[in-house]
Amino acid sequence: MMNESAVFWSRMLTELTLSFHIIYATIGVGVPLMIMIAQWVGMKNNDEHYILLARRITRGFVITVAVGVVTGTAIGLQLSLLWPNFMRLAGQVIALPLFMETFAFFFEAIFLGIYLYTWDRFDNQTKHMLLLIPVAIGASMSAVFITVVNSFMNTPQGFELVNGELVNIQPLVAMFNPSMPTKVAHVLASAYMTSAFLLASIAAFRLLKGSNHIYYKKSLFLMMKLGLIFSIATAVIGDFSGKFLAEYQPEKLAAAEWHFETEEAASLILLGFMDQEENIKLAIRIPYALSILAHGNPMAEVIGLNEFPEDEIPPLYIHYLFNIMVFIGMFMTLVSILYVAGVWRGWQFIKKVWFRWLTVLGGPLSIIAIETGWWLAEVGRQPWILRGYMRTAQGATTSEHVDMMFILFCILYIVLGIGSIVVLSRMYRANPIEQEIQDRMAEVEGGVR
Amino acid sequence: MNLEVLGIIVLWIFLFGYVIVASIDFGAGFFNAYSLLTNKSHILSNIIQRYLSPVWEVTNVFLVFFFVGIVGFFPQTAFYYGTVLLVPVSIAIILLAVRGSYYAFESYGSRGHKGYAFAYGVSGLLIPSSLSVVLTISEGGFVEIINDRPQLDFWALFTSPLTWSIVLLSIASVLYISAVFLTWYAWKAQDWEAHELMRKYALIWAGPLIFMAVAIIIQMQQHNPDRFRNMISIWPMFGISGMLFLMTVWLIWKKRGLGLSVGLLILQFLFAFFAYGISHYPYLLYPYLTIYEGFTNQEMAISLVIAFIAGLCLLIPSLYLLFRLFLFNKEYLTGNQKDFHA
């Protein structure tokens, strides 16, 4: 009854769609908050530059939203197309947050449309600000609800399975499952962090490329400050996630840490490689660190992989993903601390070319961290699609033709990816900030306002 | 009324909402492309851009709402339709993606690119075609259950006259709905040239629309006699729909009461759409799945209804605000205010 190739290609296609979607989705969640903050700072300080910043970001944001919406529609439908057996079961328990997500999205879409097309329609900047609040809330809430769905797949609860029948279903209990708080918080904080660093990297890039405008300096400083706050938040929540995993999904933590034997005072393995015989080479062992990460106590016992049946262990390569994510997070925290402290203290090196390039690197690096983080979380719960209840292979479609669809979607995402980059860069090149400020001055003097 | 019926009514209303707003959108894209080919774009593009710009994203949400809702209320549909529809729906997703992104790319990137406009226009006709296949499949006769696996008989589907009638009906409806709406919108915006052109299109597409609708009812007699009997038993609803159609065409012909004509158009499709839906009762997929077998558990159904009501309390005022600012705002419509965006 199972169709091996359909299972394989369903996994590939889902991974492809999600990996592409989360780039735009992360921007979609984080950037509205940044726009709102820029607008607010501009209003408060009566500084036209920040208001311009808000608008310029919004203009590019529309392009990323468009791609985010269409790829989001794709994954929404693919859930049922590729995993019909899973949706038939999980739909009974988890439809509520999915449903609420569309409301949040609806809400955001309406107000984004209004904000975009009422540019300068109201004299009062506060009204523009008020329009941005529902956009930012809607964006974050849709991330919250969809992450709730994902956290349910990691720690299912709120139902009982009696002879293959679902009974005693409690939708709210299913929503507020154990992994929900850390997952939601981590997704939000890392989306805000990524967006801030992305916007900072644009400003840094313009400064490197010869523009010396005060607008970019203000933008860079604001975004680095926000990036710093959210990267610290992300790290703190990441630590909570470690403790959550130790309690509820020990096999994921153990696989990510290559921790085989259950032991007390467990050490953390940094970097390293694993050969065919599962020998770990070139790794750095930090004594007690894993026990601290898992339980906040250096002597605590951490469950090892050997405790689990062979066919319930996730692939061990997730260790590399874990390392990449954590290193980028630490690195970006450091870069932003140096920058923010440097501005306050007047350190000169933060204006050097090499440091600017580090800042430019921050945006793409944060996106890589988002991707590796999601792969870690998702591959880390293999072989389950609904941990403890349904294996991935049982949830997949039995349809033929999934491989063909994979190729079609590949082409689509290549077109969308290239298209969005070309349009975005063309848009900003055609209308540099110097030009826009000049136009605006002319407009104000011309008595439009 | 039980929750099953309530659930399907709610979803049917949202699908209806999507059909109307998406038709306007798809048709507008087609007319825009067609006007480029026939060198009439100066007449139409302004009015179309003005309407579409603020609402394209909202249009898409109606669709998302429907398919998330149906899996929520009727999780069994995920199993039957999900397995069977992989190919047609994937193609629709790709077309929707091309369309949605090109729209944003074009409006903000390179305005007036002919290739984009053409892709945009053609996709507007292909999407309703690929989505309307779902309606054909729901009539039964194209899906077989082999070893517990629902399988779609592509050959039967592609050779069935019913499939092609439904595809043609969906295209004719898209063009007709869009043309009637834009006739009124252009009139509101006092863009007489655009108004005259759209009026012509509306009258042209009225014929094929009614012809296809009648053709489908006749074919149903052969394809699925049960359904045909159901349709006949609620003939007054189809009759009212037909009357409303005649009134709309008459108003447009006489160039009178255009706002009313849009209202009548929506009512006409509402009656036809619900008559079609009612005659389908109680099946979601004939003859395998009824709304009673496919329904979710009681607890989930109640919480979905609560979430739905709460969501509407948020949405209706927001939608009202959106319409007030763009659809019914004279200043915006006539372009007296300058182009606000970017």
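This is a predicted model: local features need pLDDT of at least 70, side-chain atom pairs count only at pLDDT 80 or more; totals for chains, interfaces and linings use all residues.
The area buried between chain B and chain A is about 6,400 Å². Carbon and sulfur atoms give 77% of that area.

Polar contact is limited to 1 residue pair, with both residues at pLDDT 80 or more.

### Helix pairs

| Helix pair | Axes come within | Crossing angle |
|---|---|---|
| H1(B) and H7(B) | 7 Å | roughly 85° |
| H2(A) and H7(A) | 10 Å | roughly 75° |
| H3(A) and H12(B) | 10 Å | roughly 10° |

Start with the pair that joins the chains. Angles under 35 degrees count as roughly parallel, so H3(A) and H12(B) are roughly parallel to each other. Their contact has 25 nonpolar residues, 6 polar residues and no charged residues.

Next comes a pair inside chain B. Helix H1 spans residues 3-37 and helix H7 spans residues 161-188. With axes crossing at roughly 85°, H1(B) is therefore roughly perpendicular to H7(B). From H1(B), the contact uses B:Ile20, B:Ser23, B:Ile24, B:Phe26, B:Gly27, B:Ala28, B:Phe30 and B:Phe31. H7(B) answers with B:Val174, B:Leu175, B:Ile177, B:Ser178, B:Ala179, B:Phe181 and B:Leu182. By class, this contact of H1(B) with H7(B) has 12 nonpolar, 3 polar and no charged residues.

Because the angle falls in the 65 to 115 range, H2(A) and H7(A) are roughly perpendicular to each other. On the H2(A) side stand A:His49, A:Tyr50, A:Leu52, A:Leu53, A:Arg56 and A:Ile57. They meet A:Ile214, A:Tyr215, A:Tyr216, A:Lys218, A:Ser219, A:Leu222 and A:Met223 of H7(A). The contact of H2(A) with H7(A) divides into 9 nonpolar, 2 polar and 2 charged residues.

How many salt bridges does the structure hold over all chains? The total is 6. One salt bridge joins the side chains of A:Asp239 and A:Lys243, at 3.2 Å from N to O. Both residues lie in helix H7 of chain A. A:Asp239 and A:Lys243 are 4 residues apart, about one turn of the helix.

### Backbone points in chain A

Two loop residues of chain A deserve a look. Is the peptide bond from A:Gln382 to A:Pro383 cis or trans? This bond is cis, with omega near 5°. A:Pro383 lies in the loop between helix H11 (353-379) and strand S7 (384-386) of chain A.

The other is A:Asn46, a residue other than glycine whose phi is positive, near 50°. A:Asn46 is placed in the loop between helix H1 (4-45) and H2 of chain A.

Key:
Residues are numbered from 1 along each chain as its sequence is written. Chains are lettered from A and ligands numbered from 1 in the order in which they are written. Side-chain values use heavy atoms; hydrogens and water are left out. Buried area is the accessible area (1.4 Å probe) that two parts lose on being put together, summed over both. A polar contact is a pair of N or O atoms within 3.5 Å; within protein, one must be able to donate a hydrogen and the other to accept it, and residues adjacent in sequence count only if both atoms are side-chain atoms. Axes are lines fitted to C-alpha atoms, for helices over the stretch in contact, and angles run from 0 to 180 degrees between N-to-C directions. Angles under 35 degrees count as roughly parallel, over 145 as roughly antiparallel, 65 to 115 as roughly perpendicular and the rest as oblique. Contact means heavy atoms within 4.5 Å. Ala, Val, Leu, Ile, Met, Phe, Trp, Tyr, Cys and Pro count as nonpolar, Asp, Glu, Lys and Arg as charged, and the others, Gly among them, as polar. A salt bridge is a side-chain nitrogen of Lys or Arg within 4 Å of a carboxyl oxygen of Asp or Glu.
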